[in-house]
Amino acid sequence: MKSFISFEVGGTNIRFGIVREDLKLMSFDRLPTDRLSKAQNKISFFSSIIRDLIKKSTVKNITAVTFALASLMDRDRTYIYSSPMIDGFDNIAFKSELEKEFSFPVILEKDVNILLLYEIYKNKLPLRGIITGFFLGTGVGNSISIDGKIYVGNSGAACELGHIPLYSNTEFCKCGKKGCVETKASGRVLEQFASDFFHCPIKEIFKLHGESPEIVEVIECFATAIATEIGIIDPYCIILGGGLINMENFPKELLISRIKSHLRIPYPRDSLEFLFASSDAEAGVIGAVIHAQNILH
């Protein structure tokens, strides 16, 4: 049976493993993304992990290596332009450089697109119309599926919801410009609140301070951005996920009510289906294989 080596490279963790073509997970592990940030040679970093996986595994029929990346890439998914949450992971011909090291193809896609594909697969959603995913974590991830196909835009940079500007916001973002949604609503913002304002562990911020004006304002920023996209594209289903939403006492009902408050009545407000994404740790790793199979077939 064919198998894939699969990576999900996020802002906090790198998850990776070997997945069979029937989507059975044969091995699974994780590393802190900080190790990639500190690595001088990013290609060598991944080459070493891949070789170690092949050496230790009984699976030998590797079809491809596939990546879900928290990065801005070109439309053809060959070149990484920037990775705001990973130091030095910028301006790399990643696909061609890594393929020099191995005999199998390397397939890249944005992590949020991969996560959306996984949720469509897991929830057995029909591949018709428009489904959007919003993944709230270290940053603000966004993905759009149209009739089962991921929308990438003209240049490959579609769905950067976390980097749309908020009116009168003058704060600089790690992406290089100012005014982005992520400067007001993101995991980084909440970490700063937890450390400098509430003086509590980040994992307890919603439990201890979920009703504070500061946290309610963060939720409102999330809701405003999400509702803006819904109002433009009119999806039939939206999937809400990410590390923040999976935290204890995250105000899910408040988020949905604030999203709905910004939508026109009766539609699209009353035609929307809301689903919460699974918290499966292997979602990105398996989702990347779903994408790779779509590409190769």
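Ile 114, Leu 115, Leu 117, Tyr 118 and Tyr 121 of helix H4 touch Ala 283, Gly 284, Ile 286, Gly 287, Ala 288, Ile 290 and His 291 of helix H9, where contact means heavy atoms within 4.5 Å. This is a predicted model, in which local features need pLDDT of at least 70, side-chain atom pairs count only at pLDDT 80 or more, and totals for chains, interfaces and linings use all residues. Residues are numbered from 1 along each chain as its sequence is written, and side-chain values use heavy atoms, with hydrogens and water left out. Helices (H or I, at least four residues) and strands (E, at least two) are DSSP runs numbered from the N terminus.

**H4 against H9**

- By class, the contact of H4 with H9 has nine nonpolar, three polar and no charged residues; Ala, Val, Leu, Ile, Met, Phe, Trp, Tyr, Cys and Pro count as nonpolar, Asp, Glu, Lys and Arg as charged, and the others, Gly among them, as polar.
- H4 covers residues 111–122 and H9 residues 283–296; they pack at an angle of about 85°, with axes 8 Å apart.
- Axes are lines fitted to C-alpha atoms, for helices over the stretch in contact, and angles run from 0 to 180 degrees between N-to-C directions.
- The two helices H4 and H9 are therefore roughly perpendicular, a term for angles of 65 to 115 degrees.

**H9 and its cover**

- Of the 14 residues in H9, 11 are buried, meaning under 20% relative accessible area with a 1.4 Å probe, protein chains only.
- Among the buried residues of H9 are Val 285, Val 289, Ala 292 and Gln 293.
- The cover over the buried residues of H9 includes H4 and the strands S1 (3–9), S2 (13–20), S3 (25–32), S4 (62–69) and S7 (106–110).

**The sheet**

- An open sheet of five strands has the order S3-S2-S1-S4-S7, with mixed pairing; two strands pair if DSSP finds at least two bridges between them.
- S3 and S7 are at the edges with a single partner strand each, so one side of each has no neighbour in the sheet.
- From one strand to the next, the twist averages 15°.
- S1 and S2 run antiparallel and are joined by seven bridges, with Val 9 partnered by Ile 14 in S2.
- S1 and S4 are parallel over seven bridges, and the partner of Val 9 in S4 is Leu 69.
- S4 and S7 are parallel over five bridges, and Leu 69 has Lys 110 as its bridge partner in S7.
- In S4, eight of eight residues are buried.

Definitions and conventions. Parallel < 35°, antiparallel > 145°, perpendicular 65-115°, else oblique. Buried < 20%, exposed > 50% of the residue type's maximum accessible area, 1.4 Å probe, protein only.
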